[in-house]
Amino acid sequence: MGLENSNAATALASPLGEDGWQTGLHWGTAAQAAGLAGQLAGRGEVVPRPYETLPEISVLVRAPAIVAAVADVIGPEIALEGGFLLSKPPGGDFRVPWHQDGVNDRIELDPTRSVTVWAALTDATAASGALEVVPGSWRAGYLPYRREDTTGGQRGRALHTDVPPDSPDPVLVPVNAGQALLMDVRLLHRSGSNTTSGHRVGLNLRYVAPGAVTIRSGPSPSLHPVAGASW
């Protein structure tokens, strides 16, 4: 069972504006992204904390454009709390349900001191399973969640959140290879299956500033320093 709505998170304005997300971040060229996607082929559907095991991703998470964009949102002291490399195989049933990135059974992130970066290594389109977001959904704070039914996929059972009644219609947010999307960690988002003939590869990263993480259960998370001297 998930937590009740977080009043504290509800009260905090989004650092990413009224909608709660921003596009237009270029971390590399399409050719660089394609080269990375090719190098990472065959790693499986989901690789947790890939910046700790894959040298290519360790470099990408420190790309100057990404670090600068994150610093504009949460300040210059930056670490990674978590993230994963996700590859949707062509034609497979791989849907990610509605969820929020900033809360789970272990932690709750301060939305003013954390931000999600979703970086595309291949084009994320309507056909390949691009993200859909609910504009302004951060205003509801952290919502109750549950774990989805067993999918049989390598990825396991994702957390699932219901979209509140009377929410705005979802918006599809395509992201080209070599670009990235920034999201408020309370923003509701999901993605559909990949119906194209190639893999859809993306990288979800949760960047945090000092003091962003509240422990809800278990040990403190292992933060991965990216920039600044606070770590």
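Which side chain meets that of R190 in a salt bridge? The partner is E132, with N and O 3.0 Å apart; a salt bridge here is a side-chain nitrogen of Lys or Arg within 4 Å of a carboxyl oxygen of Asp or Glu. The structure is a predicted model, in which local features need pLDDT of at least 70 and side-chain atom pairs count only at pLDDT 80 or more, while totals for chains, interfaces and linings use all residues. Residues are numbered from 1 along each chain as its sequence is written, and side-chain values use heavy atoms, with hydrogens and water left out.

**Salt bridges**

- Helices (H or I, at least four residues) and strands (E, at least two) are DSSP runs, numbered from the N terminus.
- R190 has a relative accessible area of 29% and is therefore partly exposed; buried means under 20% relative accessible area, exposed over 50%, and partly exposed in between (1.4 Å probe, protein chains only).
- Searching the whole structure gives 10 salt bridges.
- Another of these pairs is R206 with E81, whose side chains meet at 2.6 Å, N to O. Because R206 belongs to strand β13 (residues 200-208) and E81 to strand β3, this pair ties together parts that are 125 residues apart in sequence.
- R206 and E81 are both buried, and together with R106 they are linked in a network of salt bridges.
- D162 forms a salt bridge with R146, where the closest N and O atoms are 3.0 Å apart.
- D162 is partly exposed at a relative accessible area of 45%, and R146 is partly exposed at 39%.

- The largest nonpolar core has 36 residues, of which W27, I66, L121, L203 and Y207 touch the most other members. A nonpolar core is a set of buried Ala, Val, Leu, Ile, Met, Phe, Trp, Tyr and Cys residues joined through side-chain atoms within 4.5 Å.
- Two or more residues of this core come from each of α2, α3, α4, β3, β6, β11 (179-183) and β13. Helix α4 gives the most, with 6 residues.
- Not counting residues up to four places away in sequence, W27 touches several residues, including A33, L36, I66, L121 and A180; contact means heavy atoms within 4.5 Å.
- A second, separate core of 12 residues includes W118, A130, L181 and L187.
- In helix α2 (residues 30-39), the buried residues are A33, L36 and A37. They lie on the same side of α2 because they cover an arc of only 100° around the axis, the arc being that of the directions from the helix axis to the C-beta atoms.
- These buried residues of α2 pack against α3 (55-60) and β6 (114-120).

**The E77 site**

- E77 is located in the loop between α4 (64-74) and β3 (78-88), and its relative accessible area of 23% makes it partly exposed.
- The C-alpha atoms of E77 and P210 are 6.9 Å apart, although the two residues are separated by 133 residues along the chain.
- Leaving aside neighbours within four places in sequence, E77 is in contact with V208, A209, P210, A227, G228, A229, S230 and W231.
- With S230, E77 makes a side-chain to side-chain polar contact at 2.8 Å. A polar contact is a pair of N or O atoms within 3.5 Å; within protein, one must be able to donate a hydrogen and the other to accept it, and residues adjacent in sequence count only if both atoms are side-chain atoms.

**S87 and K88 in strand β3**

- S87 is found in β3 and counts as buried because its relative accessibility is 13%.
- Beyond four places in sequence, S87 touches G44, E45, F94, H199, R200 and V201.
- K88 is also found in strand β3. K88 is buried yet has no salt bridge, and the nearest side chain of opposite charge, D93, is 8.6 Å away; Lys and Arg count as positive and Asp and Glu as negative, while His and the chain ends are not counted.
- The K88 side chain reaches the backbone oxygen of F94 at 3.1 Å.
- Leaving aside neighbours within four places in sequence, the contacts of K88 include F94, V96, S128, S191, N194 and H199.
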